[in-house]
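Here is a note for a colleague who is meeting this structure for the first time. The points can be checked one by one against the display.

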Amino acid sequence: MRKTRYVIAALAAGVIAVVAFAAVAGAQPEKKQAVSLSGAGSSFVAPLIGQWINGYKDATITYNPVGSGAGITAISGRTVDFGATDAPPTVDQFTNCRGCVMMPWALSASAILYNLPGVKNNLHLTGSVIADMYLGKISKWNDAKIRKLNPGVNLPSTDITPVYRSDGSGTTFNVTDFLSASSKTFSNQIGHNTAVDWPKGVGGRGSSGVSAILSRTPGAIGYADIAYALANKLQFAAVQNKSGKFALPGLRGIKAAAAANAKFDSRNFLSIVNPPKGAKYLQAYPICTYTYVLVPTQSPKGNDLKAFINWAITDGQKLGVKLLFQPLPAYVVAHDKVTLKRLSST
Amino acid sequence: MSVQADPGYSLSSERLRRRKVVNRIMEALATLAALLAVAVLVIVVASVVKKGIGAINVDFFTQTTSTFSFGPSQSGIANAIVGSLVIVFFAILMALPVGILAAIYLNEFASPRMRAPLQLALDVLNGIPAIVVGIFVYVLLVLGSGQSALKASFALAILMLPLVARSTQEVLALVPDALREGSLALGAPRWRTTLSIVLPQAVGGIITGATLATARVAGETAPLLFTSSLVGNEVNWNPSHPLMSMPYFIFAASEQADPGLQEQAWATALVLIAFVLVASTIARYFGLRSRRRRSGKR
Amino acid sequence: MTTAARTAPTGPAALQRRGRFRFGDSLLYGLTLVAGFAAVVLLILITWKVLAGAKLSWQTFHLGFLTETTWNPVTEVFGAGLFIFGTALTSIFALLVAGPIAIAIALFLTELAPPWIRAPVGALVEMLASVPSVVLGLWGILVMGPWVVSTLSPILSTLFGWTPFFDGEQTVGSSQLSAVLILTIMVVPIVSSICRELFTNVPTELKEGALALGATRWEMIRGVVFPYSRAGISAALILGLGRAVGEAIAVTQVIGAGTKISFNLFSTGDTLASKIAASYNSAGTNLERSSLVYLGVLLLIFSLIVNVLAQLIVRRVARRQQGRT
């Protein structure tokens, strides 16, 4: 029995050590705010939310960038207080969410990222060429079509490895929207949704996962919010818009695309992908998107959510400029404030 | 099962030499295989140590982290360690009593006819993939009412149950009948016999089994995806909230591009491996010692 | 794997059943009875809930789900074909590589190694089994993947490029080959520990008899140890297969979420378990979620069959051995 006593003593010592450690770890300075808001969803908007977490003083915000699809699931299950998505929920998802409303709260661009060591940044690409790369019809970087768009650039014969999102993604929704509009074959074969049946390549989880694969794989091409390209020092393409110009996903390109003054549909979804030809849209980057917050109209933290979203669409927008989130146009903010009135605490 | 009389067993020196060569080759291959396995283990552990040790410092154990590389800066995994502790603690709390009671039933009360199918059920439960258990707990508990550490503990407890029951049963079977007979002869009721006489003899083995089961589930990630993945980045002891855990953090961070997060993932892996290895070694050592002592006493 | 044999008339169970029953006895009996059936109840509950979750998908696709190779959330056509293929390809290859290695290790530890090596090397191999799968996946993404791309894939391409399994070269760290390698690392310790026990239980007289007749050690192993342990080895391999098929986390980390069926190990792919882990939280429609659970049903059925089969073999082997000794 002596051995058993030793074992029990050892276990007791272990438990005491753990509790002591916890006391130390738990002795964090008490947060002044009592209110906490948790959110999950789009990794597209995650960089901006990171700024909001640091900048918003009236509540403690936590956020999980698990992808638009998972964010919609999370808010439907009321596992979090707000969801974030770049794609409109499906009919099923809206039903499962039981009384949710969405509104745009940020605006940025999906960059087409690539990894070609030794090649310049901002290669010229068009929607139909990108579509062909994902379809597998263009399989090497020195293909004639790419060379034609980039005269004078020394392109290697590296194989093209398309990288896509393996989780339900609003970024996929918007990029496939653009590629479907640019290529009939893409539209017929693959279509446009938060998750599609890509014919070849590698899947990554979250914009972060896609960026990670791109960093490790020469010859890869992928898509993610432009903030990820900057954070991970990845090359990104200049994509041709309908006016014929090769536009960059910077603030100017996003602002020009937003000038399309898209109309809100019944779900509050605004699409500015592939703006039309015109002098106003000369610099418009063709894959810009609004990203949305999805909240229940009635919830225990309704008033806190209202305050947070109100701050986010006004003061919060300034924090996004350095991450290439273009502040929302005035008409969008006005429309959102009307929508916000529908929120209340239960 | 007789050895076949095979012309291969001839004594002619030519054949003999060839047979010896074949034998040498096979011995070499077997040794190579063992070396390969050891080499892989060493490589994996060395990678974890080399890439993770840089992040290990006091801050690592007292600061918090998140899987969100754009959020507030993180330099430690205190919340993940605490979350893992809470989840595993409740898993043990759920699995241990049920496992011990089940083992008592199987060893002390069940007829041999009952015992076989029940043991089969335990062994089959042991082989259910963790991801299926995750789906089950999700459909049963999480859908509609949200995630929490307790639900994660429940999933882990399902995974632990067969291990605890099996090891407890083995050690109960080693308790000599003479003890039971003596106690009953002295007039003690059966429940007293079982709890005060038989069970204490088995305590060492039960602790061993529980420790091994804990070591196994401490690293399980699949059930956590469904039950405790939408987590905050403060140290939180509340089991009714979803809590960050070490395996989930490693999983989420492993796919990120941020090298800082990757280094933290390696360091967490180091902590996790250290815990699992230390726990397994202690459990096996004590198990071996108690078995030796028991056979020595007899 | 040995179950303690108890003969009814003198076992504790029989002791307990004779004589008077007091309240404490009934209470303990009741509690333990409930606990004893816990595993059965859980198995039934798990099967029921998982089947219920898949109902919508079953009603839409029925058995055609098994052969449909598209998984298209846009057109809402879902099928398990791609994942069944990926699971089969990766698990079979993992077993082909892990099986011989594990058996060789077991032989080394039981027949060849001097006694002072057996304990430490044996412990090290067991330690490989206790490395959590997420850690192996982490290592697989960040260390093994780049190594496969830079070093292993050219070698395999040169040696086996003529087969459909190693066509071209691997360009990305994630692939079916990476999944096979990780699964192999996981399966080897399981199979080898079972085989170790099997080989230790081969009666010494049989082994010594063969050696006395002039057999070399390898011939003895081939002629005595293997035939004797045949059933047990198959059980070990079946359990290893079950482990490989059920692994979700490490596989989803390294397999690359591929979307097309390909025999080429260098390309990306997907398995049943890995698809569930990757997509479960983000299913867009109820049909998609239900289809993911349908994948879970397939996994469950497979693991039930595999486990029952392996356990029955193990029990038969144990009974036979007790009959002999």
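1. Two residues are in contact if their C-beta atoms, placed from the backbone, lie within 7 Å. By that rule, 86 residues of chain B are in contact with 89 residues of chain C. Helix H1 (residues 13-52) of chain B supplies the largest share of chain B's side, 19 residues. Sorted by class, the side of chain B that touches chain C has 59 nonpolar, 15 polar and 12 charged residues.

2. Please keep in mind that this is a predicted model. The mean pLDDT of chain B is 86, and 91% of its residues score at least 70. Where pLDDT is low, the predicted coordinates should not be read in detail.

3. Next, the nonpolar core. The largest one has 316 residues. Those with the most contacts inside this core are A:Ile112, B:Met160, B:Leu161, C:Ile105 and C:Val135. Helix H3 (residues 78-109) of chain B gives the most to the core, namely 20 residues. In soluble globular proteins, nonpolar side chains tend to be buried together.

4. Which residues does C:Val135 touch, not counting those up to four places away in sequence? The residues are B:Val48, B:Ile250, B:Ala269, B:Leu272 and B:Ile273. One of them, B:Ile250, is among the buried residues of helix H10 of chain B.

5. The buried residues include B:Met246, B:Pro247, B:Tyr248, B:Phe249 and B:Ser254.

6. B:Ser280 is in helix H11 of chain B. Is B:Ser280 buried or exposed? A residue is buried if 20 or more other C-beta atoms lie within 10 Å of its own. B:Ser280 has 20 C-beta neighbours inside 10 Å, so it counts as buried. Leaving aside neighbours within four places in sequence, B:Ser280 is in contact with B:Leu212, B:Ala215 and C:Ser130. The C-alpha atoms of B:Ser280 and B:Thr214 are separated by 9.0 Å, although these residues are 66 apart along the chain.

7. Chain B has a domain assignment of domain 1 (7-55) and domain 2 (58-294). Their C-alpha centres lie 35 Å apart. The contact between the two takes 8 residues from domain 1 of chain B and 8 residues from domain 2 of chain B. On the domain 1 side, there are 5 nonpolar, 2 polar and 1 charged residues.

8. Chain C is divided into domain 1 (12-53) and domain 2 (61-324). The C-alpha centres of these domains of chain C lie 35 Å apart. Here 4 residues of domain 1 are in contact with 5 residues of domain 2. The side of domain 1 of chain C that touches domain 2 has 2 nonpolar, 2 polar and no charged residues.

9. Chain A has 13 helices and 14 strands. Its C-alpha trace spans about 80 × 55 × 35 Å along the principal axes. Of its 346 residues, 55% count as buried. Among contacts in chain A between residues at least 6 apart in sequence, 73% join residues at least 24 apart.

10. One sheet of chain A is open, with 3 strands in the order E5-E10-E11 and mixed pairing. Strand E5 (124-125) and strand E11 (246-247) stand at the edges, each with a single partner strand, so one side of each is left without a neighbour in the sheet. E5 of chain A and strand E10 (residues 238-240) run parallel and are joined by 2 bridges. In E10, A:Ala238 is the bridge partner of A:His124.

11. Finally, two backbone angles. Most residues other than glycine have a negative phi, and most peptide bonds are trans. A:Asn268 has a positive phi of about 75° although it is not a glycine. A:Asn268 lies in the loop between helix H11 (251-258) and strand E12 (288-296) of chain A. C:His62 also has a positive phi, near 50°. C:His62 lies in the loop between helix H4 (55-61) and helix H5 (81-112) of chain C. With 18 C-beta neighbours inside 10 Å, A:Asn268 counts as partly exposed, whereas C:His62, with 9 other C-beta atoms within 10 Å, is exposed.

How values were computed:
Residues are numbered from 1 along each chain as its sequence is written. Chains are lettered from A and ligands numbered from 1 in the order in which they are written. A nonpolar core is a set of buried Ala, Val, Leu, Ile, Met, Phe, Trp, Tyr and Cys residues joined through C-beta atoms within 7 Å. A residue is buried if 20 or more other C-beta atoms lie within 10 Å of its own, exposed if 12 or fewer, and partly exposed in between; C-beta atoms are placed from the backbone. Helices (H or I, at least four residues) and strands (E, at least two) are DSSP runs, numbered from the N terminus. Domain bounds come from an automatic or database domain assignment. Ala, Val, Leu, Ile, Met, Phe, Trp, Tyr, Cys and Pro count as nonpolar, Asp, Glu, Lys and Arg as charged, and the others, Gly among them, as polar. Two strands pair if DSSP finds at least two bridges between them. pLDDT is the predictor's confidence in each residue, from 0 to 100.
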